[in-house]
Amino acid sequence: MRTFDLTPLHRSTVGFDRLFSLLDQVGNVDTSTTYPPYNIERTGENAYRITVAVAGFTEDDLKIEVKESGLSIRGERKPETSQKSGEVLYQGIAARAFERRFQLADHVEVRGASLANGLLHVDLVREIPEAMKPRTIAITSGASAPRAIEAKATEAKAA
């Protein structure tokens, strides 16, 4: 009785529920994988950011790939060649390889990625093509429409 479905609260805008559900889906069938943790946030009207916690990984250890409508983030640490003095008594920082997949909604493009303070930020923008954007059609009265046609006809005769 302590589980609540907060999904309707996180979808506060009309028309973006499909976008959030597609971003939240993981490509793997096993959805119990929680490593690495991530956030999805809305940074603007049509801008989004996926933030993945990748402590201990460098730019060389990470690979971001966009293929069709999927975003894949992979991380694999290269084995350390230098020997550290001392031995590790407890290792709580996960350094295992991972792959996190996201399904992108229609017209969502990856604009860039940055790594700072152990967080990988992937910026996304939703750009709807001009042909699909709503447009306003001017309404003319029935009397003004024939005049426009007559004016074009008189211009053609004068030429």
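Select Glu65 and Arg74 to start: their side chains meet in a salt bridge, at 3.9 Å from N to O. Keep in mind that you are looking at a predicted model. Side chains of opposite charge can pair when their charged atoms come close. Now color these two residues by accessibility. Arg74 has a relative accessible area of 25%, so it counts as partly exposed. Glu65, at 29%, is partly exposed as well.

Lys63 is partly exposed, with 45% relative accessibility.

**The strands around Glu65**

Next, switch to a cartoon view and look for the bridge partner of Glu65. Which residue of strand 4 is it? The partner is Ser72. Highlight strand 3 and strand 4 (residues 70-75), and you will see an antiparallel pairing that runs over 6 bridges. Strands of a sheet pair through backbone hydrogen bonds, either parallel or antiparallel.

Now bring in strand 5 too. In which order do the 3 strands of this open sheet lie? The order is 3-4-5, with antiparallel pairing. At the edges you will find strand 3 (62-67) and strand 5 (98-103), each of which pairs on one side only.

**A link between two parts of the chain**

For the next stop, select Glu127 and Arg111. Their side chains form a salt bridge with an N to O distance of 2.2 Å. Glu127 sits in the loop between strand 7 (119-126) and helix 3 (144-158), while Arg111 belongs to strand 6 (residues 108-116), so this pair ties together parts that are 16 residues apart in sequence. Glu127 is partly exposed at 37% relative accessibility, and Arg111 is partly exposed at 46%.

Then select Lys63, Glu65, Arg74, Glu99 and Arg101 together: salt bridges with shared partners join these residues into one network. Across the whole structure, a search finds 7 salt bridges.

**Last stop: Thr43**

Finally, move to Thr43, in the loop between strand 1 (38-42) and strand 2 (47-53). Is Thr43 buried or partly exposed? Its relative accessible area is 47%, so Thr43 is partly exposed. Leaving aside neighbours within four places in sequence, Thr43 is in contact with Tyr48 and Arg49. Try the distance tool on the C-alpha atoms of Thr43 and Val125: these residues are 82 apart along the chain, and the two atoms are separated by 9.6 Å.

How values were computed:
Residues numbered from 1 in each chain as written. Predicted model: local features only at pLDDT ≥ 70, side-chain atom pairs only at ≥ 80, totals over all residues. Heavy atoms only, no water. Helix = DSSP H or I, 4+ residues; strand = E, 2+ residues; numbered from the N terminus. Buried < 20%, exposed > 50% of the residue type's maximum accessible area, 1.4 Å probe, protein only. Contact = heavy atoms within 4.5 Å. Pairing = 2+ DSSP bridges. Salt bridge = Lys/Arg side-chain N within 4 Å of Asp/Glu carboxyl O.
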